[in-house]
Amino acid sequence: MSSSTLNVLDLKQDKIRLLHLSWFAFFLTFVVWFNFAPMLSAIKEAFDLSTQQVKALMILNVALTIPARVIVGMLVDRFGPRIVFSALLISGGLVCVAFAMANSYEMIALLRFLMGFIGAGFVIGIRLVGEWFPARQVGLAEGVYGGWGNFGSAAAAMSLPTLALFYGGENGWRYAIATTGALAFAYGFFFYWRARNTPKGSTYFKPKKSGGLVVSSKRDLVFYIAMCVPMYLALAVLTWKLSPVNLGLLSEFASIALYVVLVVLFVVQVSQILRVNSDVLNNVPTPPMQQYKFKQVAILNVAYFVTFGSELAVVSMLPLFFMETFTLSAVAAGMLASGFAFMNLAARPGGGYLSDKFGRRKSLSILVAGLAVGYMVLSQIDSAWPVALAVVATMCCSFFVQAGEGAVFAIVPLVKRSMTGQIAGMTGAYGNVGAVIFLTVLSFVSTANFFMVIAACAAVVFVAVQFMEEPQGHTAELNDDGSVALIEVS
């Protein structure tokens with residue numbers, strides 16, 4: 001049995017080098033994805049944008065990430081992380097450079113929408129790291145990958161304004177953004193050169209059918225289709241936000257057309273799911289050792305909905321909340337609010353470590369409960385609070401949120417090895433669904449009620465986690481020659 005400790009400085013080990021290669025690839029995807037926000041004032045000035053147009057760009061930046069994570073998950077399982085991560089970095093880098101050179105609002109809107117695809121990079125490394133680390137270390141390794149990579153958004157916020165000043169002139173922001181794209185482009189080739197899908201001598205198991213998760217029973221099939229619905233609802237909400245009744249950036253015809261497209265895509269996805277599960281529909285039994293329960297995936301989905309979903313939503317609104325509650329300057333409020341993202345560096349690996357050490361379900365239960373309490377405390381913050389106490393409360397809540405994310409992805413690679421990419425993709429997509437839903441709630445209610453809604457969702461998820469079954473013993477995959485390979489999961 002492997003130790004659950006991990007020496008991330010031991011670069012003599014192939015798996016440690018691979019871990020560093022992977023988290024930095026993910027880090028760069030987040031730098032590129034989030035390079036827009038710190039340059040917002042310069043972009044607004046350069047294109048003479050209205051507040052509504054800026055809001056629309058922010059929505060477009062995240063819209064494509066929900067379907068992208070599902071699609072990228074399928075591609076990873078089919079073609080392997082090495083080629084998919086390289087292709088994403090290279091293509092994302094090119095789109096980023098094109099955005100930096102764009103000269104009309106229509107062009108930056110289209111390119112920002114396409115940029116949402118690079119937000120799916122996270123999913124690729126989950127499968128890759130899961131291939132290289134044994135069950136007793138996988139939580140911590142995935143936590144390091146997720147936490148350090150996630151820091152790319154904070155790194156972009158801290159470094160890009162300085163980089164733009166260094167370049168100087170009215171096009172400084174363009175050069176700064178183009179630099180991040182060029183870095184991602186170059187690293188894509190480096191990653192392809194250095195990364196490998198599995199340790200030497202290991203098999204990279206692929207699903208026998210591609211186009212959706214293969215489930216083990218008709219009941220699971222219905223459950224799976226039902227769990228796809230919220231992803232389309234979130235995309236419908238984003239369309240509504242851009243429609244004439246809200247921001248007015250889309251015409252009525254365009255809005256209706258998008259709703260129709262979403263319905264068609266849903267029907268196509270359901271038909272693909274039914275196709276890959278033809279054996280289940282025809283009552284062909286799945287061998288017991290290859291079965292898994294879809295409820296495991298569904299619980300991980302909703303857990304990520306409330307952890308990462310709330311993180312994305314809170315990071316978006318926290319600077320303004322601090323500014324208005326304590327009458328602070330924008331810079332001071334931004335600095336204090338950035339503490340929420342900073343916790344990622346330690347909290348996410350911490351959640352993975354707890355999961356490896358003390359049990360998957362127990363750790364996730366405690367962290368989700370702590371998150372619920374944390375948001376209840378945040379709902380009580382008002383101008384009478386000392387600023388320092390408000391920051392401490394935010395940091396404590398943030399720890400539970402991000403450690404919870406680490407605990408979720410400490411379990412994802414253990415459910416079904418050959419479909420880890422798809423499971424990670426669906427779980428990751430649910431994080432974005434959570435952000436869309438929570439930010440929509442925020443547009444209708446007070447900040448205090450917004451925090452209470454997240455706390456209430458966390459309480460429901462806490463109950464759901466109690467029905468999760470701890471991965472035990474081994475799971476089975478089939479080799480190409482038909483023989484069974486056992487994979488240790490505990």
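Predicted model: local features only at pLDDT ≥ 70, side-chain atom pairs only at ≥ 80, totals over all residues.

Begin by selecting L258, which, once its neighbours within four places in sequence are set aside, is in contact with T239 and L250, contact meaning heavy atoms within 4.5 Å. L258 lies in helix α12 (residues 252-276), where helices (H or I, at least four residues) are DSSP runs numbered from the N terminus. With a relative accessibility of 35%, L258 counts as partly exposed, on a scale where buried means under 20% relative accessible area, exposed over 50% and partly exposed in between (1.4 Å probe, protein chains only).

Residues are numbered from 1 along each chain as its sequence is written, and side-chain values use heavy atoms, with hydrogens and water left out.

Next, colour the chain by its domain assignment, which gives domain 1 (10-198) and domain 2 (286-489), the bounds coming from an automatic or database domain assignment. The C-alpha centres of domain 1 and domain 2 lie 21 Å apart, and the contact takes 33 residues from domain 1 and 37 residues from domain 2.

Now turn to the largest nonpolar core, which has 153 residues, I43 and Y375 being those with the most contacts inside it; such a core is a set of buried Ala, Val, Leu, Ile, Met, Phe, Trp, Tyr and Cys residues joined through side-chain atoms within 4.5 Å. Helix α14 (residues 294-326) gives the most to this core, with 18 residues. Because domain 1 (10-198) and domain 2 (286-489) both give residues to the core, it lies between them. Select Y375 and display its surroundings: not counting residues up to four places away in sequence, Y375 touches S310, E311, V314, F340, C397, V401, F451, I454 and A455.

Staying with α14, show helix α19 (residues 387-408) as well, and the two are seen to pack at an angle of about 160° with their axes 9 Å apart; the axes are lines fitted to C-alpha atoms, for helices over the stretch in contact, and angles run from 0 to 180 degrees between N-to-C directions. α14 and α19 are therefore roughly antiparallel to each other, as angles under 35 degrees count as roughly parallel, over 145 as roughly antiparallel, 65 to 115 as roughly perpendicular and the rest as oblique. Their crossing is left-handed, the term used if the near helix is turned anticlockwise from the far one by less than a right angle, with right-handed used if clockwise. Among the residues of α14 in this contact are L300, Y304 and F322, and the α19 side includes V387, V401 and V408.

For another pair, select helix α9 (residues 152-167) and helix α10 (residues 172-194), whose axes come within 7 Å and cross at roughly 120°. This pair is therefore oblique, and the crossing of α9 and α10 is right-handed. L160, L163, A164 and Y167 in α9 meet residues of α10 that include W173, Y175 and I177.

Then move to helix α21 (residues 420-442) and helix α22 (residues 447-465), which pack at about 145° with axes 9 Å apart. α21 passes α22 in a right-handed crossing, and F438, V441 and L442 of α21 make the contact with T447, F450, V453, I454 and C457 of α22.

Within α21, pick out Q422, which counts as buried at 5% relative accessibility. Beyond its neighbours within four places in sequence, Q422 is in contact with G73, M74, D77, P207, G212 and L213. Which residues does V123 contact, leaving aside its neighbours within four places in sequence? They are R69, G73, G421, A424 and G425. V123 lies in helix α7 (residues 121-132) and counts as buried at 0% relative accessibility.

Finish with two loop residues. D48, in the loop between α2 (40-47) and α3 (51-63), has a phi near 55°, a positive value in a residue other than glycine, and D48 is exposed, with a relative accessible area of 67%. N283, in the loop between α13 (278-281) and α14, has a positive phi of about 60° although it is not a glycine, and N283 counts as exposed at 57% relative accessibility. For context, most residues other than glycine have a negative phi.
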